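Welcome! Let's walk through this structure together, one question at a time.

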Amino acid sequence: MSTVLAPDPQLDPMVPTLARITRKIDEIPDVVTFEMEADGWSGFAPGQFNMLGPFGVGEIPISLSGPASKRERLVHTIRAVGPVSRALVELQEGAVLGLRGPYGAPWPVERAQGRDVMVVAGGLGLAPVRPVLYDVLENRDDYEKVIVLYGARRPEEMLFADELSTWRARFDIEVAVTVDHASVGWHGHVGVVTSLLRTVGYDPANTTAYVCGPEIMMRFAARALTDAGVAPGEIWLSMERNMHCAIGLCGHCQLGPVFICRDGPVFDWARLRPLMQQEEL
Amino acid sequence: MSGSGDPARVVIDANGIDTLIAILAKRGYEVLGPVRRDGAIVHEPIASTDDLPRGWIDEQRGGHYRLKQEGDAYFAYTVGPSSWKRVLHPPRQPLWRSEIRDGEVAIEAASVDTQRRALIGVRACELAAIAVQDRVFLEGPYQDRHYAARRAGLFIVAVNCGRAVETCFCVSMDTGPEARAGFDIALTEIANGRFVATAGSDDGAARLAELPTRPAEPSELDAAAAAIETAAGQMTRTLETEGLPDLLTSNPDHPRWDDVAQRCLNCANCTMVCPTCFCTDVEEVNDLDGGGAARVQQWASCFTTDFTYLHGGGAVRDSVRSRYRQWMTHKLATWHDQFGTSGCVGCGRCIAWCPVGIDITEEAAAMRGARGGG
Ligand SMILES: Cc1cc2nc3c(=O)[nH]c(=O)nc-3n(C[C@H](O)[C@H](O)[C@H](O)COP(=O)(O)OP(=O)(O)OC[C@H]3O[C@@H](n4cnc5c(N)ncnc54)[C@H](O)[C@@H]3O)c2cc1C
Ligand code: SF4
Ligand code: SF4
Ligand code: FES
C-alpha cells in the first residue's frame, strides 16, 4: 500500500484546499450543478468523489459528475437534503468553499471494452455515473451496445433531462427512462427502473453494468441483472454511507470488513452481495 | 560488575527511577505516569515516584472498579479507565481553522503537537494497543498527522504486570502480561521497591546506562519471572480466538445478539475506554463573533445512531442489536480484514466499565455455544 505521508501541515489529508464556484446551473428543484476551480486540482477518475465543505457548516462526500478526460473540469451535482448539502446548494457563483479529494475506487470503465455497457441509474444516482458515459461515448468504438436505463420519482425530477434527450437522439446509444409516479402529460414508461431491463436488447453474458441510485434500487437492479445472466463480477455499484474523513480513519463508513470511502465506494456485486444480504451491517 | 548476573538485566530502585524521570524531564520530555484521581488510576504528569499510587491496588469485575490500599508496591494495580489513547489520540483534536476577512478565506492547519512525552508504567496490553493504533493511523494509505507527531516523540517505560484482576485476559490475546516489544525500558517490580530493568531500544539502553543500577542476581531474575507468572496464573478469563472471525461474521442472526441487546444500554462506555477504538466525528465549531470556524475531530462511538445516519433512510444500524454486533464483530473479526490484527488486546476495560457488566469474552463464548467469561 502506498503511503501518503503528510509532514507539512499544508499536506494534511484532513485540511482542504480552496475551491471557487465558476458556474452554477439549476437542474431540478433542490438540485444544482457547480462548475468549479480549485488549487492544485489535477483530475479524477469516474466514480471518485470529493469532500466539499461550505465554511462554517460542515463537510460531505459528493461525486464528480463531469467528464474525467478534461482534467481541468471540476463538476459536482448536489441535492439539498440536509444542513451541509443545503448550504452548498445555496452557494452562488464566485463563492469559495473547502475541497478535499479526489477519493475512492473508480468505476472500472475500460473493463467494458468490447462488451455491452449497461448503465442503470435512479434519481440523483445519474450524477456519479455520468462520467462513465462521457468516457464511453468519447471512445464509442471501443464498446458494443451502450444502454442507459434511468428512473426518477416524477417527470419533473428527471435529472439531466436535456442531455438524456440528446443521447436518445443518437443512434449509437439506447436510452430508456421511467418514473414512479406519472404526472399529467407524461406518456412514457411508469414503474421501477428494473422493469426497463426487459425492454432493451443486450447480451447478458457480454455485459458490464454500472449501477447507481438508492440502495434498495441497486439491490433490485443487481438481482435483476444477475437473473438475466450478467456475471456478478460485471455488475458495479456505488455505495453510500455516512462519511467524516473519506480516508479510512474515522470509521463511519464501515460495511463489515470494508471501508466504503477507501475500498469503494464502487464495488462489484460479487463482493457486495454477501455484505448487503446482512441487514443493518 | 559482579559477573553472576545477566548484564542486560539490571536492578534499579525507586531512587533510580526518580533519576530517570529527572533525566527525561531535563531532556525535554513531559513525563506522564499513573496517579490516583477520583477513585481511579489515570495518567498525568509526574515529577517523581512520590506521585505514583504506591500501596494501591484495584479490584475489577464486570461493571465494577474499585481502588483499595494493600501492600507497598508501586505498580500492583492494573489498567484503569483512561488508556494512553487519551494522550496519543485525544478526545478532541482541532484540525484546522477558517477565517473569513473582507471576503477572503484563509485556512490555517492546526499545528501538530511536537511535545516529546515519556510514558511511565505502560502495560503489555497497552503496548499492544498502541501497536494496533499504529496500524490504524500510520500504516494505511493516509496517515493521521497528529497521531504521527505525538507517537514519534515517545519514550516508553513499560511495566510488566505482577498481578492480574478478574477482567484481564491478555494471555488469551497473546499480548501480555510481559512486555515483549515496543518499549524503551521495561521494569518488573520485585520486592522492597526494587525493579529488574531491561532496555528495549538503543535510546532505552543509553538512558539506563546513566542510572544507578547493578546487574541483577539470579534470585532477582527468578523473582521477576515469578511475578509475571503470578499475573498470568491469576488470569481466569479466557477468550478462545481460534476460528472466531469466521464464527462471528457467519452468524449475524445468532439469537445471542438479541440477548445482549436486551442488556446493553448503548452508553458507549466500552468504546471510550477501549484503547484501540479509534472512531471520530469531524465537526464544525463556529467562533462566537462569526468571523471564523474550526474543524474539530472528536471521539465518536458506533453505539450511537448518528454514527451511521443517512439522509432519507435514518441510521443504517438502527437497532441496539446491530450496534453491539458491529462493535464486537469489528473488534474480534473484521479488524483482522482491515488491519491484519485483532482489535482486542484483552485489557478488560470494556468489561469493568460497562454499567451492566457485559463481557466480551462471555459473549464470544456464547456465540460458540459454550460457557465462557471468567
Ligand atoms: C461516495 C458518496 C458520493 C456521493 N455523491 C453525491 C452526489 O454526487 N450528489 C449528492 O447530492 N449527494 C451525494 N452523496 C450524498 C451526500 O453526501 C449526502 O446527501 C450528504 O452527506 C447529506 O448531508 P447533509 O448534511 O446535507 O444532510 P444530513 O443527512 O443531515 O447529514 C448527513 C451527515 O453529514 C454530516 N454532517 C451534517 N452536518 C454536519 C456538520 N455541521 N458538520 C459536520 N458534518 C455534518 C454528518 O455526518 C451527518 O450525519 C454522496 C455520498 C457518498 C457517500
Ligand atoms: S475490546 Fe475490551 S478487552 Fe478488548 S481491548 Fe477493547 S476494552 Fe480491552
Ligand atoms: S456494552 Fe456495556 S459499555 Fe458498551 S454500550 Fe452496551 S452497556 Fe454501554
Ligand atoms: S469516511 Fe472515515 S473511514 Fe470512511
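## Ligands and the chain interface

Ligand 1 sits between chains A and B. Please keep in mind that this is a predicted model.

Q: How many residues surround ligand 1, and which are the closest?
A: Let's start with the shell as a group: by class, it has 14 nonpolar, 8 polar and 3 charged residues. In total, 25 residues surround ligand 1, and the closest are A:V57, A:P61, A:R79, A:S85 and A:H244.

Q: Which element gives the most to the shell around ligand 1?
A: In chain A, β4 (60-63), β5 (74-79) and α1 (83-89) each supply at least two residues of this shell. The one that gives the most, with 4 residues, is β4(A).

Q: How far from an oxygen atom of ligand 1 is a polar side-chain atom of A:S85?
A: For A:H244, a polar side-chain atom lies 2.6 Å from an oxygen atom of ligand 1. From chain B, the side chain of B:H311 has an N or O atom 3.2 Å from an oxygen atom of the ligand. For A:S85, the distance is 2.4 Å.

Q: What percentage of the area that ligand 1 exposes when taken alone does the protein bury?
A: A polar side-chain atom of A:H244 lies 2.6 Å from an oxygen atom of this ligand. Taken alone, ligand 1 exposes 950 Å², and the share of that buried by the protein is 85%.

Q: Which elements give two or more residues to the shell around ligand 2?
A: Here 13 residues surround the ligand, and the closest are B:C274, B:C344, B:C347, B:G348 and B:C350. The elements that give two or more residues to this shell belong to chain B: α11 and α12 (349-352).

Q: How many charged residues does the shell around ligand 3 have?
A: The residues around ligand 3 include B:C264, B:C267, B:C270 and B:C354. Also among them are B:F303, B:Y324 and B:I358. The shell divides into 10 nonpolar and 2 polar residues, and the number of charged ones is none.

Q: Which residues of chain B lose the most area to chain A?
A: The two chains bury about 4000 Å² between them, with 56% of it on carbon and sulfur atoms. Three residues together make up 18% of what the chain B side buries, and those losing the most area are B:P141, B:Y142 and B:R145.

Q: Which residue of chain B forms a salt bridge with A:D12?
A: Across the interface of chain B and chain A, there are 2 salt bridges. In the one formed by A:D12, the closest N and O atoms are 2.8 Å apart, and the partner is B:R145.

Q: Which element gives the most to the side of chain B that touches chain A?
A: Between the chains, 25 residue pairs are in polar contact. Several elements of chain B each supply at least two residues of the touching side, including β6 (92-101), α3 (124-138) and α11 (320-339). The one that gives the most, with 8 residues, is α11(B).

Technical notes. Residues are numbered from 1 along each chain as its sequence is written. Chains are lettered from A and ligands numbered from 1 in the order in which they are written. This is a predicted model: local features need pLDDT of at least 70, side-chain atom pairs count only at pLDDT 80 or more; totals for chains, interfaces and linings use all residues. Side-chain values use heavy atoms; hydrogens and water are left out. Buried area is the accessible area (1.4 Å probe) that two parts lose on being put together, summed over both. A salt bridge is a side-chain nitrogen of Lys or Arg within 4 Å of a carboxyl oxygen of Asp or Glu. A polar contact is a pair of N or O atoms within 3.5 Å; within protein, one must be able to donate a hydrogen and the other to accept it, and residues adjacent in sequence count only if both atoms are side-chain atoms. A residue is near a molecule or strand if one of its heavy atoms lies within 4 Å of it. Ala, Val, Leu, Ile, Met, Phe, Trp, Tyr, Cys and Pro count as nonpolar, Asp, Glu, Lys and Arg as charged, and the others, Gly among them, as polar. Accessible areas come from the Shrake-Rupley method with a 1.4 Å probe; for residues, only the protein chains shown count as cover.
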